[in-house]
Amino acid sequence: MTFSDIAEVSSHNKRAIIVGGGPAGTLMALALAQMNWNVSVYERRDSYSQNDSTNRRSYNIVLFARGLMALKHVGVTLPMEESVFLKGNVRHTTKGAKKTPGFSEAVSVNRNILARHLFQEGITRFPEHIKYYFGHRLEAIDFPQKLATFQTDENEVSQEFDLLVGADGVFSTVREIMVKQFEGFNCHQNLDEMTFKICQLGNATEFANATEDWGKCFHTWPSTQPVTILAPPNPNGSLTGVLILPQKGEITFEKIKTEKDVEALFSAKFPDVFSGKPIPQEFAQDLLEQKVSFGGITTTCSALNVGDSVVLVGDAAHSVWASLGQGCNVALESCRILAEILAAHNGNLKTALPAYNLARKPDTDAIGRMSEQGFGGNKRAGNTLFFAKTIALSVFHKLLPQFFAKPALFQINKADVGYAEIEEQWKAQERQLWGIGIGLVALVIALLIVWKARV
């Protein structure tokens with residue numbers, strides 16, 4: 001009997017409830033079904049609309065090695081016709097645009113399309129093990145009885161469980177109930193004050209001086225900080241941009257009230273988007289009519305599980321700011337790690353869930369802290385000191401590679417390096433820089449003393 005066979009036998013007839021049908025919930029359902037669990041997924045929405053990806057509030061995510069490894073763990077391949085395998089990053093500056101290798105080997109996919117694809121995988125591959133219930137809102141959890149109650153438009157539904165997985169997002173009802181019912185379990189959230197709106201930027205190959213592969217590249221406008229656009233591509237070559245503005249300052253969404261204001265913003269900050277042509281009226285109207293969204297929320301829980309029957313994954317457990325591009329990646333990675341630990345413990349929840357918390361929480365706490373510090377490639381938070389350190393470390397690495405490693409941030413998308421390890425490396429590199437700084441100051445002072453002594 002193989003290792004996977006043991007995990008399947010140990011999980012036979014075990015019942016799991018997953019609250020939330022987003023990417024984390026649907027992926028977790030697949031992982032549990034592979035181990036022979038009987039899984040019920042409860043989702044508040046009525047269905048996965050075929051038009052979700054065209055909704056103006058919908059957005060694309062970029063999956064790196066962490067997220068892609070999690071999909072591979074459950075045997076999922078992204079649909080080629082609905083995904084873009086990126087060929088690089090195009091950086092747009094006042095001096096023109098330049099393509100770099102960044103984002104190569106990553107995949108751009110609409111978040112709703114990803115969730116729907118995982119859902120379809122579940123109903124196709126595991127029809128006897130996974131059941132999906134739409135239009136169900138979680139009302140209560142009886143932890144001693146292991147009973148969850150859901151409300152529909154018509155009635156109330158209750159179901160028993162051996163394992164309940166909270167995958168219901170940053171405003172998780174599961175987590176809220178846990179906070180109320182378990183003394184010592186708490187949650188802290190921190191709001192990113194940067195704000196954003198979604199804008200459709202047209203086909204990337206129609207930009208000035210564009211090349212054919214621009215339609216398969218991630219696009220950034222980093223020189224206009226703290227006003228910036230991040231734009232992953234769609235399968236048809238168009239770009240769905242995220243326009244990011246601060247809450248306070250010279251340029252904010254509150255100050256952009258007319259079509260002329262929109263035109264002035266793009267003419268001044270993003271002139272190559274429309275290549276000097278008049279901004280389409282529908283583009284300006286769409287931007288003006290949208291509700292402003294905040295850049296993200298970090299969520300840090302005191303634990304990722306309570307007892308031996310309830311566990312949190314994804315944004316319900318550890319949401320992060322978008323500054324790193326890690327949100328969906330860390331969510332999917334947590335699902336993979338939880339599944340692997342469940343298998344390693346042969347489905348024994350009394351030992352597996354604490355082991356998951358012990359193994360995963362240091363990394364999820366670290367990625368939350370790093371996202372708040374501006375760690376990563378997006379300077380929208382205006383963290384000048386952070387990027388000065390990163391540039392200095394890059395220079396020192398090129399000059400003295402035997403003494404200075406590459407900046408820790410360059411490992412952020414590697415699936416085999418934990419976030420906590422990256423954070424520790426970064427702290428060590430900061431100490432290196434402080435040592436150099438103190439040494440230089442001491443040298444300058446010594447030279448001044450010598451100079452004055454000679455004068």
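What percentage of the 455 residues in the chain do buried residues make up? They make up 50%, where buried means under 20% relative accessible area, exposed over 50%, and partly exposed in between (1.4 Å probe, protein chains only).

## The model at a glance

You are looking at a predicted model, in which local features need pLDDT of at least 70 and side-chain atom pairs count only at pLDDT 80 or more, while totals for chains, interfaces and linings use all residues. Residues are numbered from 1 along each chain as its sequence is written, and side-chain values use heavy atoms, with hydrogens and water left out.

The chain holds 12 helices and 19 strands; helices (H or I, at least four residues) and strands (E, at least two) are DSSP runs, numbered from the N terminus. Of the contacts in the chain between residues at least 6 apart in sequence, 68% join residues at least 24 apart, with contact meaning heavy atoms within 4.5 Å.

## Helices α6 and α7

Let's start with a helix pair. Helix α6 (residues 259–269) packs with helix α7 (residues 281–289) at an angle of about 100 degrees, and their axes are 9 Å apart. Axes here are lines fitted to C-alpha atoms, for helices over the stretch in contact, and angles run from 0 to 180 degrees between N-to-C directions. The two helices are therefore roughly perpendicular to each other; angles under 35 degrees count as roughly parallel, over 145 as roughly antiparallel, 65 to 115 as roughly perpendicular and the rest as oblique.

From α6, the residues Glu-259, Val-262 and Phe-266 meet Gln-281, Phe-283, Ala-284, Gln-285, Leu-287 and Leu-288 of α7. By class, this contact of α6 with α7 has 6 nonpolar, 2 polar and 1 charged residues (Ala, Val, Leu, Ile, Met, Phe, Trp, Tyr, Cys and Pro count as nonpolar, Asp, Glu, Lys and Arg as charged, and the others, Gly among them, as polar).

Helix α12 (residues 419–454) has 36 residues, which at 1.5 Å a residue should span 52 Å; the end C-alpha atoms are 53 Å apart, which agrees. The expected span is 1.5 Å times one less than the number of residues. Buried in α12 are Tyr-419, Ile-422, Glu-423, Trp-426, Gln-429 and Leu-433.

Helix α10 (residues 349–372) packs with α12 at an angle of about 50 degrees, with axes 7 Å apart, so α10 and α12 are oblique to each other. On the α10 side, the contact is made by Arg-360, Pro-362, Asp-363, Ala-366, Ile-367, Arg-369 and Met-370, and on the α12 side by Tyr-419, Ala-420, Glu-421, Ile-422 and Glu-423. The contact of α10 with α12 divides into 7 nonpolar, no polar and 5 charged residues.

Thr-152 sits in the loop between β10 (147–151) and β11 (156–160) and, at 15% relative accessibility, counts as buried. A polar atom of the Thr-152 side chain lies 3.1 Å from the backbone nitrogen of Glu-154, and a polar contact of 2.8 Å joins the side chains of Thr-152 and Asn-155. A polar contact is a pair of N or O atoms within 3.5 Å; within protein, one must be able to donate a hydrogen and the other to accept it, and residues adjacent in sequence count only if both atoms are side-chain atoms. Leaving aside neighbours within four places in sequence, Thr-152 is in contact with Gly-135, His-136 and Val-157.

Lys-146, in the loop between β9 (137–142) and β10, has a positive phi of about 55 degrees although it is not a glycine. Lys-146 is partly exposed, with a relative accessible area of 26%. Asn-209, in the loop between β13 (187–203) and β14 (218–220), has a positive phi near 65 degrees and is exposed, with a relative accessible area of 74%.
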